[in-house]
Amino acid sequence: MLYAGCDWSDRWLDVAVLDRPGSVLGETRIIYADAPDPVARYKEFLAPLGRRWRGAITGIEDVGILFARSLAASGLQVVHVDPTRAARHRAAFGTSKTDRADARLIASMTLAGESRPVVLNSPEAEALRVVAHAHRAAVEDRAEALHALRAGLMRIWPAAVSAWPAGVGGLRSAQARAVLSAAPSPRSAAGLDRKRLGAILKATGRTRTVEDEAERLRMIFCRPVMLLDPHVEDAEAVRIRHHLAVLDQAVERTDVLARELEQRYAAHPYHQLVSRLPGIGTTLGAELLAEIGDQPVERFGNGRSLAAYAGASPVTWS
């Protein structure tokens, strides 16, 4: 059995391999630019070191990088070494912080069993996890774009911020974005009549109480407000249109990922089990299944470990 430690960076991988007694059998650096397939290069490096090199255990601090995931998919055993614990070992031993030294340290911790085995989920669960993370990032980008639009409106036209209540989506709603695209400044909004506002609302898909909503917006836009110089207001309107374009793209991307997430969640074999939990909707259920995976017993062992992973386990501070 071989015990390998891998220290990764953006440009290369440093690898150190130990045998069971702890002797260093070999060290190498795999540079991404020189190795189109680092996994194949890694296997070529292991092959001459031992007769049973296919039973090697590779320790790495970040098992989410492409090299670790591809290595595990190729059949080799990969274990996770906690970076915080590795830093404590480094400080206790007085080891210098270099890539080569870190690879040796990770290999020695792998040999000592100070690691956690990586339990692979099914390809369906891994794909769901990727889409769930992308959807979560898109939601964060949407919120950031919405805050930027709100801040821009507060600089030039505070009345527009509260023109659409939160119950209908606020500034994120399709109606608000369509109206602001047509009139991004108070002077341009004051020039919109009820007929023009009604046409904009119908274009967004609204079919009920269109005239009432158009009249409500017209009354808001006709109220006296603080005005800037027309040249400055036009420049601020350019900024608002830019924020609207970013928000439109963020909303569209979030909606597309939400549909993709729903489809993959519904197609997973554990969908019926997770969806029966009280208070669990489509998005939350997909997030839970993506994070827990479809190998919960092998990965966590019991409910206490799962609660600790989720941050719901009580911890005593004194």
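Which residues make a nonpolar surface patch of about 240 Å²? I found Leu-277, Leu-284 and Leu-288.

**Ground rules.** I am working on a predicted model, where local features need pLDDT of at least 70, side-chain atom pairs count only at pLDDT 80 or more, and totals for chains, interfaces and linings use all residues. Residues are numbered from 1 along each chain as its sequence is written, and side-chain values use heavy atoms, with hydrogens and water left out.

Entry 1: I noted the patch rule: residues with over 30% relative accessible area and no salt bridge, with like charges joined within 9 Å and nonpolar side chains (Val, Leu, Ile, Met, Phe, Trp, Tyr) within 5 Å. A salt bridge here is a side-chain nitrogen of Lys or Arg within 4 Å of a carboxyl oxygen of Asp or Glu. Accessible areas come from the Shrake-Rupley method with a 1.4 Å probe, and for residues only the protein chains shown count as cover.

I placed Leu-284 in helix α12, residues 282–292. Helices (H or I, at least four residues) and strands (E, at least two) are DSSP runs, numbered from the N terminus. Leu-284 is partly exposed, at 44% relative accessible area. The classes are buried under 20%, exposed over 50% and partly exposed in between (1.4 Å probe, protein chains only).

I then checked Glu-287, also in α12. Is Glu-287 buried or exposed? Glu-287 counts as buried, because its relative accessibility is 16%. Leaving out residues up to four places away in sequence, Glu-287 touches Ala-132, His-135 and Arg-136. Contact means heavy atoms within 4.5 Å.

**Entry 2: helix α6.** I looked at α6, residues 174–182, and found Ala-176, Arg-177, Val-179 and Leu-180 buried. Seen down the axis of α6, the buried residues fall within an arc of 165°, so they line one face of the helix. The arc is taken from the directions from the helix axis to the C-beta atoms. The buried residues of α6 pack against α5 (123–156), α8 (194–203), α9 (210–221) and α10 (230–267).

**Entry 3: the sheet.** I traced six strands in an open sheet, ordered β3-β2-β1-β4-β5-β6, with mixed pairing. β3 and β6 (116–117) stand at the edges with a single partner strand each, so one side of each has no neighbour in the sheet. Two strands pair if DSSP finds at least two bridges between them.

I went through the pairs next. β1 (residues 3–8) runs antiparallel to β2 over six bridges, and Trp-8 stands opposite Leu-13 in β2. A hairpin of three residues joins β1 to β2. β2 and β3 are antiparallel over seven bridges, with Asp-14 opposite Arg-29 in β3. Their hairpin has five residues between the strands, and Gly-22 there takes a positive phi near 100°. β5 (residues 77–80) and β6 run antiparallel, joined by two bridges. His-80 stands opposite Arg-116 in β6.

Why is β2 largely enclosed by the rest of the structure? Seven of the seven residues of β2 (residues 12–18) are buried, so the strand is largely enclosed. I checked the faces: Trp-12, Asp-14, Ala-16 and Leu-18 cover one side, and Leu-13, Val-15 and Val-17 the other.

**Entry 4: Val-24.** I found Val-24 in β3, residues 24–31. Val-24 is partly exposed, at 38% relative accessible area. Not counting residues up to four places away in sequence, Val-24 touches Val-17, Leu-18 and Arg-104. I also took the C-alpha separation of Val-24 and Glu-233: 70 Å, for residues 209 apart along the chain.
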